Structures are given as structure tokens and as C-alpha cells.
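Colleague: I'm new to reading structures. Could you walk me through one?
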Amino acid sequence: MNELMWREMQSQPDDLAAALPDLRRQAVELAKLEAPHVVLTGSGDSLFAALSLELAFGAELRRAVWAMPSAAAARYGSGRVDGLTVVISVSGEVRRTIEAALAAHQAGGQVVAVTAGAESTLAREADAVMLMPPPITRATPHTRDYTLTLLALLATLEGLTGRHLPELDAWPTQVQQLLDDATAW
């Protein structure tokens with residue numbers, strides 16, 4: 001196995017535990033955002049993260065939530081991107097995701113960027129930013145980036161609802177146990 005990829009996978013429990021307090025601190029600012037509906041959007045792994053949490057967002061927010069590719073949000077999101085659009089890109093430089101943020105603003109919506117790129121185009125186009133830890137590498141499959149994206153999205157959900165999700169506190173320990181079990185297997 002690639003040594004860098006192994007390091008990335010093994011770092012996840014500690015990185016999740018370290019990132020959670022900061023993400024929760026950032027999420028407090030999101031409580032002021034009100035919207036009749038929410039769009040979660042991204043490309044690639046960021047889209048998969050949006051799709052995986054669409055139902056959780058809908059259940060917790062008790063309003064319409066749609067997860068869609070950023071190209072669809074940018075071009076065909078009429079009637080949806082005028083609410084709150086959560087745009088997801090680790091780099092913050094994915095063209096289609098930036099277009100989705102611009103389309104949301106043009107429709108009168110609010111934009112939250114979930115990114116590791118503090119100075120990125122996406123961060124500059126957003127009304128609020130949930131800043132994740134930077135990647136270790138972009139040269140391997142992005143397991144760590146994906147789990148940190150999920151964590152940032154769930155912290156975003158906490159901020160939007162004003163409710164603590166206790167499951168997030170247990171997540172680093174659970175990920176460590178999964179890694180231990182997979183390694184033993």
C-alpha cells in the first residue's frame with residue numbers, strides 16, 4: 001500500500017477529533033441563516049458527501065433539502081438555489097461549484113462554502129465559510145478529505161439547527177475502531 005495513503009487513512013481519528021471543536025465554533029455563525037429550503041452541491045467526492053447527507057439534513061431541518069451536482073445547481077437550480085446553497089469543494093477552486101455559488105447569489109440565495117481553501121474563489125463567493133483542515137495530499141484517493149467533508153457538513157447542520165449531534169462526538173473513536181478492525185482483518 002502507498003505509504004502516504006496509509007498515513008492519510010490512519011490520521012483520520014485524530015484529525016476528526018481535532019477538527020470537530022473548530023468546525024463547531026465556526027458553525028455557530030450559521031444560526032443566523034434562514035432559508036425555506038437547502039441545496040447541497042458539489043462535484044466528485046464532494047457531491048457524494050452531499051448525497052450521503054441529504055436525508056439527514058432534511059430530517060433535522062424539517063424542510064426541503066436537495067443534493068445535486070454543482071453543474072445542475074448552476075444551470076437548472078431555479079426555484080431551489082434561491083434559499084440556502086451549501087457549496088462543497090475541498091480546494092475551493094472547482095469551476096462548476098463556483099458557478100453554483102454564483103447562481104445562488106444571482107437568484108437571491110445565501111451561500112455557505114465547505115472548503116479547505118481559506119483564500120479560494122469559493123470562499124470569497126460565500127456568505128459564510130466552514131473551513132476544513134487542509135489535505136495531507138491530493139495524490140491519493142481522498143479518504144481523509146471525504147470524512148472531514150462529512151464532518152464539516154454535519155457541523156454545518158448543527159449550526160443551522162442550533163442542536164448538538166452527539167453522534168459526532170463518538171465518531172473519531174468509531175473510525176479508530178474500524179481502522180483497527182480492518183487492519184487486523
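Predicted model: local features only at pLDDT ≥ 70, side-chain atom pairs only at ≥ 80, totals over all residues.

Colleague: Which residue does Arg-24 form a salt bridge with?

Modeller: Side chains of opposite charge can pair when their charged atoms come close. Here Arg-24 pairs with Asp-169, with 2.7 Å between the closest N and O atoms. That links distant parts of the chain, 145 residues apart: Arg-24 is in helix α2, Asp-169 in helix α8 (residues 166-184). Helices are DSSP runs of H or I, at least four residues, and strands are runs of E, at least two, numbered from the N terminus.

Colleague: Is Arg-24 buried or exposed?

Modeller: Buried means under 20% relative accessible area, exposed over 50%, partly exposed in between (1.4 Å probe, protein chains only). Arg-24 is buried at 17%, while Asp-169 is partly exposed at 41%.

Colleague: And what order do the strands of the sheet have?

Modeller: Strands of a sheet pair through backbone hydrogen bonds, either parallel or antiparallel. Two strands count as paired if DSSP finds at least two bridges between them. This open sheet of five runs β2-β1-β3-β4-β5, with parallel pairing. β2 (64-69) and β5 (128-131) are at the edges with a single partner strand each, so one side of each has no neighbour in the sheet.

Definitions and conventions:
Residues numbered from 1 in each chain as written. Heavy atoms only, no water. Salt bridge = Lys/Arg side-chain N within 4 Å of Asp/Glu carboxyl O.
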